[in-house]
Number of protein chains: 2
Amino acid sequence: MITREHLNRNLLEAEYAVRGPIVTRAQQLEEQGKRIIYCNIGNPQALKQKPLTFVRQLLSLLENPDLLREPEILKRYHGDVIRRAEAILAKQPSGTGAYTQSTGIPFIREAVAKFIRKRDNIPARKEQIILTDGASKGAQAVLLALLKENNDGFMIPIPQYPLYSASLTLLGGQQIGYQLDEQSGWQLSEEILTASIDGAMRKGIHPVCIVVINPGNPTGAVLSHDNIRMIVAFGKRNGLAILADEVYQENVYDPERRFHSFARVVHEMGEQQVSLFSVHSVSKGFLGECGHRGGFLECRNIPDDVMAEFVKLQSISLCANVPGQFTTYVMVAPPQPGDESFAEYARERDGILSALKQKAEILGAGINSIEGLSVDIPRGAMYAFVKLQLTPDKGEEWNALSEEERTDRLSRMEFKYCMALLEQTGICVVPGSGFGQQPGTLHFRMTFLPPLEEMEQLVDKLRQFHERYTRMVPAATE
Amino acid sequence: MITREHLNRNLLEAEYAVRGPIVTRAQQLEEQGKRIIYCNIGNPQALKQKPLTFVRQLLSLLENPDLLREPEILKRYHGDVIRRAEAILAKQPSGTGAYTQSTGIPFIREAVAKFIRKRDNIPARKEQIILTDGASKGAQAVLLALLKENNDGFMIPIPQYPLYSASLTLLGGQQIGYQLDEQSGWQLSEEILTASIDGAMRKGIHPVCIVVINPGNPTGAVLSHDNIRMIVAFGKRNGLAILADEVYQENVYDPERRFHSFARVVHEMGEQQVSLFSVHSVSKGFLGECGHRGGFLECRNIPDDVMAEFVKLQSISLCANVPGQFTTYVMVAPPQPGDESFAEYARERDGILSALKQKAEILGAGINSIEGLSVDIPRGAMYAFVKLQLTPDKGEEWNALSEEERTDRLSRMEFKYCMALLEQTGICVVPGSGFGQQPGTLHFRMTFLPPLEEMEQLVDKLRQFHERYTRMVPAATE
C-alpha cells in the first residue's frame with residue numbers, strides 16, 4: 001500500500017495556506033451548523049456577489065441552444081445576447097460540447113489579442129495567447145517550462161499569493177523571496193530586488209524569472225508606472241523573464257492610481273529582449289466567475305519555437321474547459337454602447353466595483369480603528385493584509401531563542417489567533433505566514449468581499465473578538 | 001529572451017502525438033477551406049454527436065437560474081430537470097459561480113460514491129473521491145504524487161494513450177512499456193508483464209505503479225475478469241499501485257463482454273494492500289461532453305494521510321470547473337425510471353451507444369476488406385487501432401540498418417501515409433508510433449465517431465486512398 005514514505009517529497013513539502021487547516025476546520029464547523037464567513041479566499045459569488053446577467057444569459061443559450069428556438073426566451077433576453085450566442089455557434093457549432101484547439105478557440109484568442117491592443121494601444125497576436133483553466137494553470141505552465149535545473153529559481157514577492165510558493169516547491173524550483181515595502185504602500189524597491197538576487201546567487205541559485213502580482217495579492221497595492229519600468233529594467237539587466245500576474249487589473253479603487261500592464265510598459269520601452277508572460281482570469285475583476293475557471297496566458301518576446309513548446313504543454317491537458325473559454329470571451333469582448341444589454345451590463349459592473357471600493361474603505365478604516373490591528377487601505381485587488389500586534393510572553397527564554405525559533409513561535413501565535421477568530425466568530429482568514437512576511441511581524445489576510453450591508457457588522461465582530469483575545473493573550477502565547 | 005535552450009528538458013522531450021504535426025496541418029487545411037474529418041481524437045460532439053437533452057437543460061438552468069422563474073421554460077422542460085436544478089441550487093447557492101471545496105462539491109462526491117456502490121456492489125466513500133477537470137488531471141495527479149526518485153517508473157501499455165508517456169516524460173519518470181498482445185485481442189499477458197518489470201529492474205528502474213486502460217485506448221479491447229485478477233495479483237506481488245483508466249466503461253459493444261471495474265475486482269479478492277487509483281470522465285461514454293472537462297479520481301486502499309496529500313495537490317489548483325462538476329453529477333446520477341425525463345434520456349443514451357456499436361462494426365469490417373489494412377473489430381472505447389502493411393523498399397542497405405534505424409524508417413513511412421491520407425482525403429488519423437507498437441509493425445488510430453450515415457463513405461475514401469497510395473508506395477519509402 002502507498003504510504004507517505006512513497007510520495008514525491010516536493011508534494012509533501014508544498015504548503016498552500018489559503019486552503020489549509022483553518023479552512024478545513026471552517027468546513028467542519030459549517031457541517032455542524034455554524035455560519036462561516038469565508039474571507040480566506042477571493043471567491044466573490046460564494047459571498048453573494050451576483051453574476052453579470054449578460055454572462056449567464058449567454059452561457060444558458062450556449063449550454064442549451066434549443067432555447068434559441070423559444071420565442072418566450074427571445075423576448076426576455078436582450079437582442080445582443082441572442083446575436084452573440086448565434087454568432088458563437090456559427091463559428092463553433094459544437095458549442096460547449098467538444099474539445100477545442102489546444103490553445104483555445106481561435107476567434108476567442110483573437111478577441112483576447114484585440115482586448116490587449118485596445119487596453120494598451122500596442123500590438124498583440126492570437127498566436128501568443130493560450131486560453132487556460134483560470135490564471136493558475138497559465139502561471140504553472142510558465143514555472144514548469146522555465147525550471148530547467150534544480151538550482152533554477154523564481155523571484156517571488158513577500159508577501160505573495162501561495163500558488164507561487166506551492167507550485168515552485170511542487171516542481172522542485174528555488175524560491176527567491178523579495179520583500180515588498182509595507183512602509184511605502186507595498187511597492188517594489190530596486191535595492192531590495194538587487195539584494196535578494198545577489199543573495200540567491202551567492203547561495204548558488206540561478207534566477208530565471210521574476211513574478212510580480214499587480215494589483216497585489218495579498219497587499220492590495222497598485223504598482224506605479226515608474227515601479228514597473230524599474231522592474232522591466234531589472235529583469236533585463238539580470239537576464240530574467242517576467243511573469244506578471246494581472247488578474248486584479250479591473251480591481252483598482254484609488255482614483256489616483258491606475259493599472260499599467262507589463263505588456264504596455266515593455267512595449268513603450270521598446271524592449272524586445274525581456275520575455276514576458278502575463279496571466280488574467282475571469283475569477284476576479286467584476287465578473288467574479290471563479291467556478292468557471294477561465295483565463296488566458298499572453299506570451300511576449302518569445303520565439304516561435306518556444307511558443308510551440310507552450311502549445312505542446314497545453315495540448316497534453318487537451319484544452320481549457322469551454323464554458324470558461326466563453327466566459328473569457330465575454331470578459332474581453334463585453335457589450336458595447338449601443339448594444340441592448342449595455343446599460344444593464346454597465347450598471348451591474350459599476351455597482352460591483354463601487355461596492356468593492358466602499359467595502360475596502362469600511363474594512364480598512366474599521367481595522368485601523370482597532371488597537372493592535374492596522375492596514376494600508378487596499379487600493380486594489382480583493383484583500384486586506386492586516387498587520388497584527390500581539391505581544392509575545394517573552395520571559396527569560398525568549399532571549400535564548402534563535403531568530404528561526406522566534407519566527408516559529410510568532411507563527412504559532414498568529415495561527416492560534418486566526419483559529420480562535422474562526423471558532424468564536426465564524427470569520428475565516430488566513431495567517432500571514434502562509435504568504436510570507438517580514439520576520440518579527442504578524443499578519444492575516446482577509447477579503448473584503450462579504451456583502452456591503454454586512455461589513456460594519458463584520459468589523460464589529462472582529463473588534464469584539466480582538467479586544468477579548470488580547471486581554472487574555474498571555475495564555476495564548478505558549 | 002527565453003530560447004529553447006532555457007526550457008525544461010522534460011518539456012522539450014515530451015511528445016503528444018494525438019495533437020501533433022498532423023493535427024496542426026489539418027487545422028491549416030481547414031483554415032484554407034478543406035473539409036477535415038477529425039478522427040484523431042475521441043471528441044464525439046465535434047463529429048455531430050448530440051448532447052443529452054437532460055444534461056444541457058440542467059446546465060442552462062444552473063447557468064441562469066432566472067430561467068426557473070420563466071413559466072414558458074418550466075412548461076417546456078421536464079419536471080425532474082427543474083427539480084434537480086432547484087435541489088442543486090438549494091445545496092450550492094452559488095451555482096456555477098464560485099470555487100467549491102478543493103475536492104469538489106460534497107453532495108456530488110457522495111453521488112459518485114453511490115454510483116460506485118451501485119455499479120459494483122462494494123463500499124465507497126466520498127472522502128476517497130476528488131472531482132477533476134477531466135480524467136487527465138486525475139491521472140496526472142497520481143503520476144506527480146507517486147514519482148519520488150528519478151529512477152521511479154510507471155508500467156504503461158504498448159500501445160497506450162499518449163497522456164501517460166507525455167506526462168511521465170514531463171514529470172521526469174521512467175516508462176516501463178508492456179506489450180499488449182494483438183493476437184489475443186489485446187489482453188495483458190502475465191509473462192509479458194513479468195518480462196517487462198524484470199527488464200526494467202535490471203536497468204535500475206524502480207517500478208511504482210502499473211497503468212491499465214480498460215476498455216482500451218487505442219485498442220478497443222475489454223479486459224476479462226480473469227485478466228484483471230491477474231493484474232491485481234501481479235501488482236501485489238511486485239508492490240505496485242494500480243492506476244486504472246476506466247473512462248470508456250460505458251463503451252462496451254460486444255454483448256459477450258462486460259466492463260469489470262478494478263475497484264470491484266480488488267474488493268472481491270479481499271485485497272487491502274494494493275493501492276488503486278481509478279479515473280472516469282464525462283468526455284466519453286454516451287455523454288461525450290469533452291468541452292466540459294469533468295471527471296473524478298477514486299482512491300482505494302490509501303491511508304488518510306496520503307489522501308490528504310492528494311487533497312492538498314488539488315487545492316493548489318483551487319478546484320475543478322463547476323459546470324464540469326455538475327456534468328459529472330448527471331453522469332453518476334442520471335434520470336431514473338419514473339422521472340419525466342427518463343424515456344427521453346434512455347432513448348438518447350441507447351441511440352448513441354447503438355450507433356457507436358454499428359459504426360465500430362462498419363469501420364472494422366470495411367477496414368478488414370481493404371488489402372493491407374486489418375483491425376480487431378473494436379469491442380469497446382471509440383477507436384480502431386488499424387494495422388497497416390506497407391512494404392518498405394528494403395534494398396541492400398536495409399540489412400545494414402540497426403533495429404532502431406529500421407523502426408525510425410518505418411515510423412517515417414507511417415507518418416507519411418497518415419499525412420498523405422489527410423492531404424488527399426481530409427481524414428485526420430494518428431500514426432501508431434505515437435501510441436507505441438511492436439517493433440516492425442505499423443498502425444494508425446482512428447475514431448469511429450463520424451456520423452453513422454457517413455461511415456460507408458469514410459471507408460470508401462480510405463479504400464481508394466489506400467489503393468492509390470500502395471500502388472506508388474516505393475516512392476514513399478525514402
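What does chain A average in pLDDT? Chain A averages 93, and 98% of the residues score at least 70; pLDDT is the predictor's confidence in each residue, from 0 to 100. This is a predicted model, in which local features need pLDDT of at least 70 and side-chain atom pairs count only at pLDDT 80 or more, while totals for chains, interfaces and linings use all residues. Residues are numbered from 1 along each chain as its sequence is written, and chains are lettered from A and ligands numbered from 1 in the order in which they are written. For the complex, the predictor gives an ipTM of 0.95 and a pTM of 0.95.

Next, the contact between the chains. Chain A and chain B each put in 74 residues; two residues are in contact if their C-beta atoms, placed from the backbone, lie within 7 Å. On the side of chain B that touches chain A, the elements giving two or more residues include helices H1 (9–13), H8 (162–171) and H12 (304–316) of chain B.

Now helix H8 of chain A, residues 162–171. Nine of its 10 residues are buried, so H8(A) is largely enclosed by the rest of the structure. A residue is buried if 20 or more other C-beta atoms lie within 10 Å of its own, exposed if 12 or fewer, and partly exposed in between, with C-beta atoms placed from the backbone. Among the buried ones are Pro162(A), Tyr164(A) and Leu170(A). What do the buried residues of H8(A) pack against? Their partners include helix H7 (134–146) and strand E5 (206–213) of chain A, and also H12 of chain B. Just after H8(A), Gly172(A) has a positive phi of about 80°.

On to the core. The largest nonpolar core holds 303 residues, and Ile242(A) and Ile242(B) have the most contacts inside it. Such a core is a set of buried Ala, Val, Leu, Ile, Met, Phe, Trp, Tyr and Cys residues joined through C-beta atoms within 7 Å. Leaving out residues up to four places away in sequence, Ile242(A) touches Cys209(A), Phe262(A) and Leu276(A), among others.

Last, one residue in chain B. Phe115(B) sits in helix H6, residues 106–120. Phe115(B) counts as buried because it has 21 C-beta neighbours inside 10 Å. Beyond four places in sequence, Phe115(B) touches Val332(B) and Ala333(B).

Technical notes:
Helices (H or I, at least four residues) and strands (E, at least two) are DSSP runs, numbered from the N terminus.
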